[in-house]
Amino acid sequence: MIDKELIKLLGSNRKYIVYAVLFMLGGLLANLGITMCICTSIQLTLDAAELSSYAWVALAGAAAILMRYLCTRCTASFKDRIGCEAKRELRARTYNKIVRLGMKSTDEMSMAGLTQVSMEGIEQLDLYFSSYIPQFFYAMLAPVLLFLVSVRQDVKVAAVLLGCVPLIPVSIIAVSKWAKKIFAKYWDKYTSMGDYFLDSVQGLKELKIFKADARQHERMNQRAEEFRVITMKVLTMQLASTTIMDLVAYGGAGLGIAFTVLDLSKGKLSVTAALFLMLVAVDFFLPLRAFGSAFHVAMNGVSAGKKIIRLLDMPEPQWGENKMSGRDVVLKDVTFSYDGSRDVLKNISMTFPAKGMSAIVGESGCGKSTIVGIVDGNYLPQKGSVRIGGTLLNHLSRTDFYAHIAVVSYNTYIFNDTVRNNFLLADPKASEGQMKEALERVNLWAFIQENGGLDKTISEDAVNISGGQKQRLALAVNLAADKDIYIFDEATSNIDIESETIIMKNIKVLSKTKNVIVISHRLENVVPADQIYYLEKGEVKECDSHASLMETNGGYAKLYRRQKQLEQGYAEVRI
């Protein structure tokens, strides 16, 4: 019932569990002291004792009440510390793990799944650490302590009460396998519904355009119904388990009380001893009863914890400690597969010089963006090597490498923050002058100045600016960061002609001093490139300048002419 792997997640905070259990036992002793004072007072009343005889009982009772109060406060404090420390450290470890993996390395979990695990999952695990584990140890120790106290009053009654106690954990074990399966399904349905909901919200515009929102609504309702059904199964299991534990707890306490009354009627017990045993009988079962209630909460935490452990145990890309010594990028005999069976790239060899513009083109699905993922370190090739400045990529310091490379893509993320802070994220030392210069280069400064300046807040997903302005802002941020290697992955996709022209103009200027790699489906944009790699089905078929490739009249030339005809035809239709 205690998962060792989850306990390891606590690290040095495990000591707080010991402190919490000790204070819980201290509170139990205080309760016994209060109970003994009550029983003694009743005995004194039956004996018609003088008022002075009650003084020491009152003092002892007051001391026991104060002890109970202090133990309760300390127990709550240590439990809270377990939860707070565990959540703080786990969130930091989870976040740092995701950063080290890179988002493309966490394909086992979607964005919604990662969010739920790192937020809701850790909250559920907090209850496992702060409530379930301390209660488990307390529930194991409390009946033994009560037995040692009660056995001095009546051996038989104490033995009966202690003998009935294990029936509660037996009932918990009986439902634990059932509970684990249900909670595992519950968490899977929960994350699945979250994934589907996020996907539906993000694609709402497309759903409306294609008039598919009603169908998506039905599917969403189906996912919600599946989640409702599994939730009801969880509640049914909890109710059944609670009922069994109540029957055992109150049945065992009733049996102990019955034996106590029997011994009292036979004169084997005093009124004080009998009353004490009857009051204590329930205490034998309350710790395990509370543990049983915590068990159901804990199972949800365990399911979430397993996902967190799986995330933390994912193998990380191996990086070295070397600094970048050059800007040239060389891929040699690179082969890559996503699933281990079908090669997306086959023996790719490419050289991107330290200065100049290189381009990668080809039909959709030929492997262009996969090459970007390999060059920027998100994917590791199964075969071949990637060298930056003559050093193997995985021998470089990850921090140093990313300080020298920029990737501007069609979906570059602009943070829901001010324009200034978006610049400072890329370069904390960027001055206002650098920001202004970069915005002027992409023809955005006038717009930004008229709409709040550098303190203008960009809405979530940059919905308060156009697609072209978003791409130009992303370019400006990276220009101000002054990197050595720039990769443009479909950076001009789905934007207006003006923005496309501005971006391509800046790319040409950059290529005079930087290593610029351009991936574009529109071949007109790569005409100025010093070298163009033409891919087909994951293989380099042609490599040369635009003019030379057109003279060769191979696959690139045919694709270029076909695109040109389509663009001309589209232009004539518009006219």
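Glu85 and Arg88 sit three residues apart in helix H3 (residues 55-101), about one turn of the helix. Helices here are DSSP runs of H or I with at least four residues, strands are E runs of at least two, and both are numbered from the N terminus. Please keep in mind that this is a predicted model, in which local features need pLDDT of at least 70, side-chain atom pairs count only at pLDDT 80 or more, and totals for chains, interfaces and linings use all residues. Residues are numbered from 1 along each chain as its sequence is written, and side-chain values use heavy atoms, with hydrogens and water left out.

**Charged pairs**

The side chains of Glu85 and Arg88 meet in a salt bridge, that is, a side-chain nitrogen of Lys or Arg within 4 Å of a carboxyl oxygen of Asp or Glu. Glu89 joins them in a network of salt bridges.

| Pair | N to O distance |
|---|---|
| Glu85 and Arg88 | 2.7 Å |
| Arg228 and Glu225 | 2.7 Å |
| Arg522 and Glu500 | 3.2 Å |

How open are these side chains? Relative accessible area tells us: buried means under 20%, exposed over 50%, and partly exposed in between, using a 1.4 Å probe and protein chains only. Glu85 is partly exposed at 23%, while Arg88 counts as exposed at 52%. Arg228 and Glu225 are three residues apart in helix H8 (residues 213-265), so about one helical turn separates them. Arg228 is partly exposed at 44%, and Glu225 is partly exposed at 37%.

The side chains of Arg522 and Glu500 also meet in a salt bridge. Arg522 belongs to the loop between strand E8 (515-519) and strand E9 (531-536), and Glu500 to helix H17 (residues 497-510), so this pair ties together parts that are 22 residues apart in sequence. Arg522 is partly exposed at 24%, whereas Glu500 is buried at 8%.

**A buried charge without a partner**

Glu490 lies in the loop between E7 and H17. Glu490 is buried yet has no salt bridge, and the nearest side chain of opposite charge, Lys368, is 4.7 Å away. For such charges, Lys and Arg count as positive and Asp and Glu as negative, while His and the chain ends are not counted. Leaving aside neighbours within four places in sequence, Glu490 is in contact (heavy atoms within 4.5 Å) with residues including Lys368, Tyr410 and His521.

**The sheet**

An open sheet of six strands runs in the order E6-E7-E8-E3-E9-E10, with mixed pairing. Its edge strands, E6 (405-409) and E10 (539-544), each pair on one side only. Two strands pair if DSSP finds at least two bridges between them. Five bridges join E6 to strand E7 (residues 485-489), and these two run parallel. Ile405 stands opposite Ile485 in E7.

**Aromatic rings**

The structure holds 17 aromatic pairs. Rings of Phe, Tyr and Trp (its six-membered ring) pair if their centres lie within 6.5 Å; planes under 30 degrees apart count as stacked, over 60 as edge-to-face and the rest as tilted. Tyr128 and Phe129 form an edge-to-face pair, 5.6 Å centre to centre with 65° between the planes, and both are buried. The rings of Tyr486 and Phe488 have centres 6.3 Å apart and planes at 15°, so that pair is stacked. Tyr486 and Phe488 are both buried as well. Elsewhere, Tyr16, Tyr19, Phe23 and Phe78 form one aromatic cluster.
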